[in-house]
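Here is a short note to read alongside the model you are about to open.

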Amino acid sequence: SIILIIILIFALIIRLKYLTINQAVWYDEAEYLSTAKNWAFGYPPYELHFVRPPLLPFILTIFYKLGASELFFRFIMLTFSMLSVLFVYLVGKDFFDKRIAMISSFIMSFFYVGLFYTARLMTDMQSMTIWLIAVWSFWKGYFKKESKKYIWFFGLMITLGTLMRFPFGTIVIVVLIFLLITEGLKFFKKKDLWIAFLVAIVAFTPYSIWYINTYNKIPI
């Protein structure tokens, strides 16, 4: 709708204003950037700590290889931040109604926490955005039954979100509790949920192999 487009334009203007407001990177940002540079070019000599999620430096490594700079990485943060405003609207519309969705996305467009992490090369903004996408796809596929592919996509989002920021994995607990309350044990018979689980496991496997080879530990 026109109102949503106006909200998104407003959100973009604010984010562009504050995108490069930070002159130096924090320790966490430096750790992800150093890891990505090491993976891309072999320098500086740096190994990602085993408690750090690997997806962000992996993405940055790809773009480093393609010749991207730190400024480009900040536009990646901007993209996730804009998607968060959009998916707050989509989740609000599906869970409640368009009015609540509009109000929620408008608040999200200028909410200070979102703006703060948009300007940081960290995992917070991407994790929240993937969380919104995961919840939206689960609702569309499982309850609105629009397509079983949404449920499978939810499985992929679980892995991507967890590899972006490990606490994301607690979404599985939230969904399980929700299903137990609303359906009892009947959901165990749903084939598409098992397929989503399989998708999540398959997507997680390459990271598990890399983690065991790198740290000689089992990823938990």
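**Notes on the helices and the loops between them**

1. Let us begin at the end of helix α3: just after α3, Gly-67 has a positive phi of about 95 degrees. Helices here are DSSP runs (H or I, at least four residues), as strands are (E, at least two), and they are numbered from the N terminus.

2. Before going on, please note that this is a predicted model, in which local features need pLDDT of at least 70 and side-chain atom pairs count only at pLDDT 80 or more, while totals for chains, interfaces and linings use all residues. Residues are numbered from 1 along each chain as its sequence is written, and side-chain values use heavy atoms, with hydrogens and water left out.

3. Helix α3 covers residues 55–65, and its buried residues include Leu-55, Leu-56, Pro-57 and Tyr-64. Buried means under 20% relative accessible area, exposed over 50%, and partly exposed in between (1.4 Å probe, protein chains only). The buried residues of α3 pack against α2 (27–41), α4, α7 and α8. Contact, for this note, means heavy atoms within 4.5 Å.

4. In the loop between α2 and α3 you will find Pro-44. Tyr-43 and Pro-44 are joined by a cis peptide bond, with omega about -10 degrees. For background, most peptide bonds are trans, and most residues other than glycine have a negative phi.

5. How do α4 and α7 pack? Helix α4 (residues 70–95) and α7 pack at an angle of about 30 degrees, and their axes are 8 Å apart. This makes α4 roughly parallel to α7. Axes are lines fitted to C-alpha atoms, for helices over the stretch in contact, and angles run from 0 to 180 degrees between N-to-C directions. Angles under 35 degrees count as roughly parallel, over 145 as roughly antiparallel, 65 to 115 as roughly perpendicular and the rest as oblique.

6. Is Val-135 buried or exposed? Its relative accessibility is 15%, so Val-135 counts as buried. Leaving aside neighbours within four places in sequence, Val-135 is in contact with Phe-95 and Ile-171. Val-135 and Phe-87 are 48 residues apart in sequence, with 9.6 Å between their C-alpha atoms.

7. Next, look at the loop between α7 and α8, where Lys-145 is found. Phi of Lys-145 is near 55 degrees, a positive value in a residue other than glycine. Lys-145 counts as exposed because its relative accessibility is 61%.

8. Helix α10 (residues 191–215) has 25 residues and reaches 35 Å from its first C-alpha to its last, close to the 36 Å expected at 1.5 Å a residue. The expected span is 1.5 Å times one less than the number of residues. Where does α10 bend? The bend is about 35 degrees at Thr-205, and Pro-206 follows within four residues. A bend is the angle between axes fitted to the seven residues ending at a residue and the seven starting there.

9. Among the buried residues of α10 are Leu-193, Tyr-207, Tyr-211 and Tyr-215. The buried residues of α10 pack against α7 (124–143), α8 (148–164) and α9 (171–183).

10. Finally, Asn-216 lies in the segment after α10, and its phi is positive, at about 55 degrees. Asn-216 is exposed, with a relative accessible area of 70%.
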